[in-house]
Amino acid sequence: MKVVLFCGGYGLRMRSGAADDMPKPMAMVGPRPLIWHVMRYYAYYGHTEFILCLGYGAHHIKDFFLNYEETTSNDFVLRGGRTELLSTDIADWTITFAQTGIESPIGERLRRVRHHLDGDEMFLANYADVLTDAPLPEMIDRFARRDAGASMMVVPPQSSFHCVDLGEDGLVGGITAVSDMPLWENGGYFVLRQEVFDHIPENGDLVADGCAQLAKRGRLAAHQHRGFWKPTDTVKERAALDDAYARGDRPWAVWERDTAGARA
């Protein structure tokens, strides 16, 4: 299945300075940017056809792949001055780079790459800045068996704040952590059918318009995931993932499981 990645936003909360025009998916986690980790996740499960919806800072993403160094994350032999790779990351990937506008909302970006989907009945979509260990084949299989136009992965709230039950007399009746409440939030991993395009207007949004309209019609499914899921909306969150990578604590790197088993 093709994978549409939305990677054209400004990522204002990830900026390190006024002159920083790096799009958020290019923030580094270990030796590679976020978008690479997301793409490796999909590729591990056999989905290697990517459509990148570019916008702000697009040249950074293009330059990264046009000048990709396989030796950064693969073992190799240097023999007679020539590099012999023992494994590769992206040799079997097909990547379409599509400029979808600087100010375009997510839904409009998706609309502008519809012709690259070749009328595929189902396809995948992602914000390209969230990491997870969710079982993708299960997510796809469950959706394929359902009569629905879209499926979004949902996760428990990540906030560390507490909600307060306040009575009319001004006294607090109870305090509950947001993460303990019976709520779910959008996890950013989508399985979609072409039907979703029927509900995204020009300059519309994927979730607020497309998914909301499908939900009203009883045609939006949810895949609940309680495992690892981490967003990177801020510099602090990105730094936490980078530190975890350095410690070898990277559950999102599902492609390392086979390697780890071989070493055991």
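Strands β4 and β7 run parallel and are joined by six bridges. Within this pair, I51 stands opposite T96 in β7. The model described here is predicted. Both strands belong to an open sheet of seven strands with mixed pairing, ordered β7-β4-β1-β8-β13-β10-β14.

**Strand β4**
- Strand β4 spans residues 49-54, and because five of its six residues are buried, β4 is largely enclosed by the rest of the structure.
- Besides its pairing with β7, β4 is joined to β1 by six bridges, and these two strands also run parallel.

**Strand β1 and its pairing with β8**
- Strand β1 comprises residues 2-7 and runs parallel to β8 (residues 122-126), with three bridges between them.
- V3 is positioned opposite L124 in β8.

**Helices lying across the sheet**
- Helix α1 (residues 34-44) lies across β1, β4, β7, β8 and β13 (185-193).
- The direction of α1 is at about 165 degrees to that of β1.
- Helix α4 (residues 136-144) lies across β8, β10 (150-155), β13 and β14.
- Relative to β13, α4 runs at about 55 degrees.

Note on methods:
Residues are numbered from 1 along each chain as its sequence is written. This is a predicted model: local features need pLDDT of at least 70, side-chain atom pairs count only at pLDDT 80 or more; totals for chains, interfaces and linings use all residues. Side-chain values use heavy atoms; hydrogens and water are left out. Two strands pair if DSSP finds at least two bridges between them. Helices (H or I, at least four residues) and strands (E, at least two) are DSSP runs, numbered from the N terminus. Contact means heavy atoms within 4.5 Å. Axes are lines fitted to C-alpha atoms, for helices over the stretch in contact, and angles run from 0 to 180 degrees between N-to-C directions. Buried means under 20% relative accessible area, exposed over 50%, partly exposed in between (1.4 Å probe, protein chains only).
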